[in-house]
Amino acid sequence: MGKVIKMEQKLIVDGKRLDGRALDQLRPIEARAGVLKNANGSAYFRIGKTIAVAGIFGPREVHPKHMEEAETAILRCKYNMASFSTTERNRPGPSRRSKEISKVMREALMPVLFLENFPKSAIDLHVEILQADASTRCAAINAASIALADAGIPMRDLIASCSVGIVEGHIVLDVAGKEDTEGDVDLPIAYYPKRDLITLLQMDGMVTKEQLKQLLELAKKGAMKIYEIQRQALKSKYMEE
Amino acid sequence: MISIDPDVIKELADKGLRIDRRAFDEYRPIKIETGIIEKAEGSAKVELGGTKVIAGVKMEVGEPFPDSPDEGVLITNAEFLAFAHQEFEEGPPNEDSIELARVVDRAIRESKAINFKKLCIEEGKKVWIIFIDIDILDHDGNLIDAASLAAIAALLNAKFPKLEIVEEGDEKKYTIDYEQKTDPLPIEQRPITITAAKINGKILLDPNIAEESAVEGEISMGVTDNMIASIQKSSPGGFSIEEINHIAEISLKKAAEIRGLLK
């Protein structure tokens with residue numbers, strides 16, 4: 001078998017990335033609230049080529065009954081990637097990865113919800129990734145957050161999410177495309193602006209504690225930009241009506 | 001089973017105290033035993049206070065992934081045994097055991113603890129597959145750190161089984177003699193995972209099970225000598241950037257101490 005020769009392509013040239021972005025620039029974003037008819041709340045969130053749709057049912061009765069909690073609502077989250085969302089077909093059904101993402105997503109959103117207002121009920125959140133081009137869990141959280149608000153569920157704030165990373169030694173905002181597979185560090189966060197808290201934090205890759213500091217500061221800035229877009233999406237839905 | 005009111009834990013934290021009288025940055029006693037399972041290529045039992053876990057390493061010959069034809073494969077799995085806690089149930093892996101396994105795996109992988117290239121037998125065709133399986137025997141909190149420590153201790157304890165290659169025409173046949181152990185595995189880093197919990201706004205390390213019922217969030221960092229290799233926030237709640245930076249700082253320090261317990 002012949003050796004595969006990889007063409008070395010630089011991911012960052014003169015401070016610009018493969019898609020022309022500056023290091024601290026997000027991809028183009030489109031966000032809309034209320035995109036589904038049947039769900040109690042829904043949202044569409046696109047960042048570059050990554051597309052997420054979120055739908056909410058609830059608060060509603062809990063089935064199966066044994067999952068019911070006497071003093072609070074439960075939030076059930078499901079993150080799923082469509083089979084056609086990736087270059088190579090993604091096998092349908094839950095994977096270990098999607099189960100982990102569903103868990104950390106739920107834990108990122110719970111702090112802003114008044115779950116205690118709806119004892120013995122469930123809020124069911126499903127996010128479908130229609131197209132995946134890195135930072136899909138962030139897009140999922142952004143869509144979910146808008147959908148929760150669209151469903152009229154009382155919230156302390158919106159949660160905004162984005163990723164940062166290190167690519168060829170540079171700290172970058174919103175990891176995308178080849179930066180995801182060939183970059184050195186990928187760090188998604190979710191941010192709760194009113195309390196200045198990070199509610200999702202994961203990282204793959206090697207960093208010093210000084211780099212971690214810089215990564216987090218940049219991530220917070222990116223999340224604040226997304227937060228504004230989320231608010232705008234909600235506002236414009238109700239302006240139209 | 002004794003139940004402790006989470007409010008008591010919170011009030012104590014507010015006064016700088018913990019239910020088991022530890023300092024905020026103090027771990028419970030750690031005991032590591034290695035080579036306890038003869039049939040495994042490597043094994044370790046870790047006790048972290050009342051938490052008990054066993055990690056076993058088994059190896060097989062298999063095919064590499066197409067995108068890394070000259071590298072071995074690591075597969076990590078965790079079983080929450082039903083007798084380890086009254087809330088654990090028999091059945092397929094749930095999100096907690098999946099998360100635990102993935103967090104343990106991530107620290108080992110991202111820190112480049114294993115030199116995967118040295119697990120290549122024949123490029124594009126045959127490589128060693130390393131399975132790390134973790135059994136949770138007793139749950140008294142902070143399973144992530146106990147499991148991670150057991151995993152790296154078991155890897156350090158592991159030896160390749162003897163590989164016999166027989167050529168039959170163009171075909172090569174691989175058989176493994178598990179009875180004969182040869183060289184140690186190519187382990188080049190010793191990542192240690194440190195879990196910090198936030199309780200009533202205070203940051204403390206190695207939460208026990210009572211403390212875990214009162215947390216406003218937990219963060220686990222897998223660290224090497226001077227780098228952070230992986231991070232996972234793993235319960236509801238939030239942290240400020242200052243708190244995360246503080247956790248990074250104390251994790252690096254504490255990990256150096258715990259690393260000293262590995263042989």
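**Close-up 1. Asp196(A), an exposed residue with positive phi in a loop of chain A**. In this predicted model, Asp196(A) counts as exposed because it has 12 C-beta neighbours inside 10 Å; a residue is called exposed if 12 or fewer other C-beta atoms, placed from the backbone, lie within 10 Å of its own, buried if there are 20 or more, and partly exposed in between. Asp196(A) sits in the loop between β10 (185-192) and β11 (197-207) of chain A, and its phi is near 55°, a positive value in a residue other than glycine. Strands are DSSP runs of E with at least two residues and helices are runs of H or I with at least four, numbered from the N terminus. Residues are numbered from 1 along each chain as its sequence is written, while chains are lettered from A and ligands numbered from 1 in the order in which they are written. Because the model is predicted, local features need pLDDT of at least 70 and side-chain atom pairs count only at pLDDT 80 or more, whereas totals for chains, interfaces and linings use all residues.

**Close-up 2. Glu168(A) in the loop between β8 and β9 of chain A**. Although Glu168(A) is not a glycine, it has a positive phi of about 45°.

**Close-up 3. The open five-stranded sheet of chain A**. The strands follow the order β3-β4-β5-β7-β6 with mixed pairing, where two strands pair if DSSP finds at least two bridges between them. At the edges are β3 (29-33) and β6, each of which pairs on one side only; the twist averages 15° from one strand to the next, with axes taken as lines fitted to C-alpha atoms, for helices over the stretch in contact, and angles running from 0 to 180 degrees between N-to-C directions.

**Close-up 4. Strand β5(A) beside β7(A), and helix α2 on the sheet**. Nine bridges join β5(A) to β7 (residues 121-131) of chain A in an antiparallel arrangement, and Ile51(A) stands opposite Gln131(A) in β7(A). Helix α2 (residues 136-150) of chain A packs on the sheet, touching β3, β4 (41-47), β5, β6 and β7, and its direction makes about 150° with that of β4(A); residues are in contact if their C-beta atoms, placed from the backbone, lie within 7 Å.

Definitions and conventions. Two residues are in contact if their C-beta atoms, placed from the backbone, lie within 7 Å.
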